[in-house]
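Please read these notes next to the model.

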Amino acid sequence: MISIEMRTIGEVSFENSVKTTEGYHYDIPCDRFGIPCIPIGRVLSELGVDLKGVTVGFAHPDGYMGLAVEAGKMISQYPEAISFIRGYFTNTRFLEKENYSVRSLKSGQRYFATLSFSVGESEQSIVAKEEALKAALSGIKKIGVNMGEVTGEVSFSLVETDDLFVEHQTLSDLCSYHAVDYSVLLVTPTCFYQPYADGPSTSLYIPGGVIRELLRKALSIEGEDGEELICTNAYIGDGQKRLLPVPACATLVKNDKTQLRYRIAPGRDPHRSEQPAGLSDRYTGDTESHLITYTSPETERIRSIDGTMADALTAGQTFRGTVYGSDEQIRRIVEYFQKHAITNLGTFAEEGFGEVCVKIDAVREQAPKATVLADTFDVCCLSDTLLLNEEGMPAVSAEDLLGEIEYILNMQGELTIESKYTGIYKDYSKNIRWDHDGVIVRCIARGAILRVKRKDNKPVNIFPILHTFIGEHVNEGWGEIRTVPARDGYYRLAMQTAPAYYAVSFPDSLRQMKLSALFVAIVMEDILKSRIKGLALVDREEYRKGVPVSELKPEEILMEYRERYAPQLPVRMLFEWYEEGLKDDAV
Amino acid sequence: MMPFNIPVEKLPEKGLFMAYFKDCLVFEPYEVKDGRILCEGSALLENELPEEGHFFSETMEYRFVVRKSRKDVIELILTEDEEKKMDPDLLFYDEGLVREEFSAKEGIPGRLRVINRYRYSENDTLVLKNYRISM
C-alpha cells in the first residue's frame with residue numbers, strides 16, 4: 001500500500017479549517033479523540049499539485065489505528081485526557097498582541113496519508129501517477145501558515161506501508177460459498193449525501209447499492225452475472241455483530257425514555273395512557289429481550305472543497321453487512337478485499353472523505369433447509385421494500401406486504417394480520433440519480449413489522465422467510481426481511497448506548513504496539529504532571545510565606561497519583577515536579 | 001427471465017417515449033412505421049430493455065414495467081376514453097413544465113400533463129391507483 005509520508009521539520013498550522021475552535025486563528029483539525037487528522041489532499045491541491053485520478057486520504061500520525069484505540073480507552077476512563085492527547089501532537093500558543101491562539105503540529109513528527117486509485121485501474125497507469133506525484137511532492141517544502149516559530153517546514157515522500165489491516169482468510173476447496181460478511185471501519189468522515197431527508201443529510205448506513213457498485217467495478221461484473229449478487233445495507237455494528245433497525249412497533253414513553261413499549265405484542269393495559277416517542281434511525285442487536293439496548297450512528301458537519309456543507313458519519317464507527325453471490329463471486333470478493341483493504345466510499349470521496357477499511361468477518365455456505373414452525377410470527381422489514389402490484393404501481397400497505405409473504409409461502413389467502421406497524425418512505429435516489437428527472441418512489445419503510453398467523457390457527461413453516469429478500473432492487477439491499485416467532489412483552493425497558501468506536505480488531509505489529517505504548521505512557525505522564533502542578537498551586541501561597549517544602553509536600557497523595565497514572569516513574573521525578581510547581585510564577 | 005418484445009401494435013402511432021435505461025434517461029419523440037419503432041434511441045432499445053418505458057400521445061399511454069421479483073413484465077394501456085367513464089372527482093389533472101434541455105429539442109412540448117387516477121382504500125383513505133402521462 002502506497003502512502004504519502006509527511007515529516008514536520010518546523011511547526012505547522014493551517015487557517016480556515018472547518019473545525020477551527022473559537023479563539024483560535026490558526027488551528028489543526030483533530031478527530032474526536034484529539035488526534036490530528038489533516039485533509040492533506042486539499043492542502044496539496046491548493047498548492048498546485050495535480051491530484052486528478054488519485055484520492056489522497058487524511059494525514060494521520062504514525063500508528064494511527066492503534067493510537068485511536070488507546071485514546072478511546074483513556075478518554076473513557078478520564079474524559080480530560082483529550083486535551084493531553086492533543087498536547088501530545090500539538091503546541092498551543094496564545095498571542096497577546098493579536099488576542100488569539102495558534103495551535104500547531106510539533107516538529108519532528110511523521111504523518112501518513114493513504115493513496116487510492118480508481119477501482120480497476122491498470123498497474124501501468126498507477127505507476128505513472130505515482131511517479132508524477134513523487135516529483136511534485138519533492139518540490140514542496142512548506143505548507144500552511146508561516147509566522148514566528150510556526151514555519152510550516154515539511155518534507156514529503158512516497159512510501160510503501162505494510163498492509164496492517166489484513167487478516168488472511170483461508171477458504172476451503174470443499175465448500176461452496178454463498179455469503180461473505182464484512183465490516184467497514186470508517187477512517188475519515190464518510191457521507192452518503194441525501195439532501196432531501198429529514199434529519200442528517202447523510203444516510204446513516206452504507207446503502208447496499210454503494211457496495212454493489214464498488215464490487216461491480218472492482219470485479220468487472222456485468223449483466224447476467226450481476227443478478228446473483230445481493231448486497232445488503234451495511235448497518236452500524238457494536239463490535240461483535242450487525243445491528244438492525246428498531247422495528248416500527250417499538251416506541252419509548254415520552255416522559256420516561258427508559259420505558260419501551262413493544263406495541264405489536266399483546267398485554268396493553270387499556271386504562272393507562274402514555275405518550276409515545278419514536279425510535280426511528282435507531283439500531284439494536286436484539287428485539288427479544290426485556291431490556292432493549294439501541295444506538296444511533298453519530299454524525300458531524302463537513303465542508304467539501306466547493307463549499308457544500310453536509311453531515312457525515314464520524315470516523316471510527318464500524319458498519320457491517322453481507323454480500324450474497326455464487327461461489328466464484330464470493331471467492332473473488334474475498335480475494336479482492338485482501339489486496340485492497342482500504343477504499344473510498346460515498347460522496348466527496350475524491351477529497352479524502354469516505355476512506356474506509358474493509359475487513360472480512362466470515363465466509364459462509366448456504367444453511368441446509370429446515371422446518372421452523374411458528375403459530376404466530378413477526379415479519380420485519382430490515383430495509384426499505386418496494387413491492388409492485390399488478391398495475392406496476394408501488395404497493396405500500398400492510399396488506400400488500402402480507403400478500404407477498406403469502407406468495408412466498410404459497411399460502412395465498414390463508415394468512416391474516418394480527419397486528420401491524422408500517423411506514424412509508426419516500427426514496428429520492430432515482431430522482432437524484434437522474435438529475436431530478438427521476439421519480440420519487442414511495443415504498444414500505446424499513447422497520448415495518450407485521451404479526452401474522454394462519455386463519456385456521458395451524459402452525460406455519462417460516463423457514464423460507466427467516467431471512468430473505470422480497471420485491472424490487474433486491475441486489476442493492478432493498479426488501480431484506482426477517483421473521484421471528486412472536487414474543488410477548490408489551491412493557492419493556494430501553495437503554496441507549498453510544499456507538500462503538502474502533503471496535504474492529506486488527507493484528508498488531510510490534511512496531512504498532514511500541515508506538516501505542518509510548519503514546520499512552522507519555523500522555524499519562526503529562527496528566528500526572530498536570531495533577532501534581534495543581535497540588536503545588538494550592539500550596540504556593542504558604543510556600544511564599546516561608547513554610548519549608550518538606551512540610552508542605554503531600555507525599556501520600558503524590559504516591560497515590562503515581563500508582564494511578566505512571567507507576568514506572570521514579571518517585572524523585574514527582575517531587576521535582578511538585579517543587580517546580582511551588583516555585584512557578586505562571587498560573 | 002423471458003425475453004420481452006415491445007408489442008408495437010399496442011403503441012400509439014406517434015408520440016413521446018420516455019424510459020430509464022441502466023445508464024441513461026431517454027426522452028424523445030417516436031413514430032411507428034412498418035411495425036418498427038423509429039426514434040433516436042431505437043438502437044438502444046434493441047439491445048437493452050429499460051426498467052420502465054412509457055410511450056404516450058395526447059389520448060393514450062402504453063407502459064411496461066419490469067418486475068424482477070416475479071420475473072415478469074407488467075404492461076398497461078391507459079386511455080382518455082377510460083377516464084371519461086370514471087368518477088371525475090377521483091381524477092386529478094397535473095401540469096408540469098418540461099426542462100429546457102429537453103423542450104428545446106424538436107418535437108418535445110414545453111409542458112406535459114399527468115392525469116392521476118385515485119381510488120378510496122378499505123380504510124377510506126385516498127390512494128393513487130394509477131396515472132397517465134399525456135402530451
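1. Terms for the strands. Two strands pair if DSSP finds at least two bridges between them. Helices (H or I, at least four residues) and strands (E, at least two) are DSSP runs, numbered from the N terminus. In S8(B), B:Leu112 is the bridge partner of B:Gly96.

2. Basis. This is a predicted model, in which local features need pLDDT of at least 70 and side-chain atom pairs count only at pLDDT 80 or more, while totals for chains, interfaces and linings use all residues. Residues are numbered from 1 along each chain as its sequence is written, chains are lettered from A and ligands numbered from 1 in the order in which they are written, and side-chain values use heavy atoms, with hydrogens and water left out.

3. Sheet in chain A. Here the order is S2-S6-S5, again an open sheet of 3 strands, with mixed pairing. Strands S2 (24–26) and S5 (90–95) of chain A each have a single partner strand, so one side of each has no neighbour in the sheet. S2(A) and S6 (residues 100–105) of chain A run parallel and are joined by 2 bridges; A:Tyr26 stands opposite A:Val102 in S6(A). Helix H3 (residues 81–89) of chain A packs on this sheet, touching S5 and S6 of chain A (contact means heavy atoms within 4.5 Å). The direction of H3 makes about 95° with that of S5(A).

4. Extent of the interface. The contact takes 23 residues from chain B and 20 residues from chain A. Together the chains bury about 1,900 Å², 45% of it on carbon and sulfur atoms; buried area is the accessible area (1.4 Å probe) that two parts lose on being put together, summed over both. B:Tyr20, B:Arg67 and B:Arg70 supply 29% of the area that chain B buries against chain A, more than any other three residues.

5. Charged pairs. The rule finds 3 salt bridges across the interface (a side-chain nitrogen of Lys or Arg within 4 Å of a carboxyl oxygen of Asp or Glu). One of them joins B:Lys68 and A:Glu227 (3.9 Å, N to O).

How values were computed. Axes are lines fitted to C-alpha atoms, for helices over the stretch in contact, and angles run from 0 to 180 degrees between N-to-C directions.
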